[in-house]
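Here is a short report for a reader meeting this structure for the first time. Take a look at the chain, then read on.

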Amino acid sequence: QVAIAITGLAGPKGGTDVLPVGTVFLAWGIEGKKIQVEQVQFQGDRNEIQRQATERLLRGLYELL
C-alpha cells in the first residue's frame, strides 16, 4: 500500500509572509514505514507551480519505490 499527498499555495492569491505563494507540502508513505514529508518553495505562475509540484511528487514516489 502506497500513499501520496500534496497541498500548498499555487496562487495567484492566498500567500502570506510566513507561507508565500509557491509554498508546497508533499508527503509519501509506504505501509509499515515512516511517512516522508517535504516543504518546497516553487517559483512561477499557478500552472508552473502546479507542474513543478507534481513533478517533484512523482520523482519522490519513484525514489521511495
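## Strands and the model

Strands here are DSSP runs of E with at least two residues, numbered from the N terminus. Valine 2 is found in one such run, strand β1, which covers residues 2-8. The model is a predicted one.

Valine 2 is partly exposed, with a relative accessible area of 47%. Together with Ile4 and Leu65, Val2 makes a nonpolar surface patch of about 300 Å².

## How the strands pair

β1 pairs with β2 in the antiparallel sense, over seven bridges. Glycine 8 stands opposite valine 24 of β2. β2 also joins strand β3, residues 36-41, through six bridges. These two strands run antiparallel as well. Phenylalanine 25 has glutamine 39 of β3 as its bridge partner.

β2 and β3 form a hairpin with five residues between the strands. In that hairpin, glycine 32 takes a positive phi near 85 degrees. How much of β2 is covered? Six of its eight residues are buried, so the strand is mostly covered.

## Threonine 23

Threonine 23 belongs to strand β2, which spans residues 23-30. Is threonine 23 buried or exposed? Threonine 23 counts as buried because its relative accessibility is 1%, and the cut-off for buried is under 20%.

The side chain of threonine 23 has two polar partners to look at here. One is the backbone oxygen of proline 20, reached at 2.7 Å. The other is the side chain of glutamine 41, joined by a polar contact of 2.8 Å. Leaving out residues up to four places away in sequence, threonine 23 touches Thr7, Gly8, Leu9, Gln39, Val40 and Gln41.

## Valine 40

Valine 40 sits in strand β3. With a relative accessibility of 15%, valine 40 counts as buried. Apart from residues up to four places away in sequence, valine 40 touches Gly22, Thr23, Val24 and Leu26.

Glutamine 52 is 12 residues from valine 40 along the chain. The C-alpha atoms of the two are separated by 10.0 Å.

## Salt bridges

How many salt bridges are there? The count comes to three. One of them joins arginine 56 and glutamate 38, with the closest N and O atoms 2.9 Å apart. Arginine 56 lies in helix α1, residues 46-64, and glutamate 38 lies in strand β3, so the pair ties together parts that are 18 residues apart in sequence. Arginine 56 counts as buried, at 15% relative accessibility. Glutamate 38 counts as partly exposed, at 23%.

Arginine 56 also forms a salt bridge with glutamate 63. Here the closest N and O atoms are 3.9 Å apart. Glutamate 63 is exposed, with a relative accessible area of 53%.

## A pair within the helix

Arginine 51 forms a salt bridge with glutamate 55. The closest N and O atoms are 3.2 Å apart. What separates the two residues along helix α1? They are four residues apart, which means a separation of about one helical turn.

Arginine 51 is partly exposed, with a relative accessible area of 43%. Glutamate 55 counts as partly exposed too, at 39% relative accessibility.

Terms used:
Residues are numbered from 1 along each chain as its sequence is written. This is a predicted model: local features need pLDDT of at least 70, side-chain atom pairs count only at pLDDT 80 or more; totals for chains, interfaces and linings use all residues. Side-chain values use heavy atoms; hydrogens and water are left out. Buried means under 20% relative accessible area, exposed over 50%, partly exposed in between (1.4 Å probe, protein chains only). A polar contact is a pair of N or O atoms within 3.5 Å; within protein, one must be able to donate a hydrogen and the other to accept it, and residues adjacent in sequence count only if both atoms are side-chain atoms. Contact means heavy atoms within 4.5 Å. Patches are made of residues with over 30% relative accessible area and no salt bridge: like charges are joined within 9 Å, nonpolar side chains (Val, Leu, Ile, Met, Phe, Trp, Tyr) within 5 Å. Accessible areas come from the Shrake-Rupley method with a 1.4 Å probe; for residues, only the protein chains shown count as cover. A salt bridge is a side-chain nitrogen of Lys or Arg within 4 Å of a carboxyl oxygen of Asp or Glu. Two strands pair if DSSP finds at least two bridges between them.
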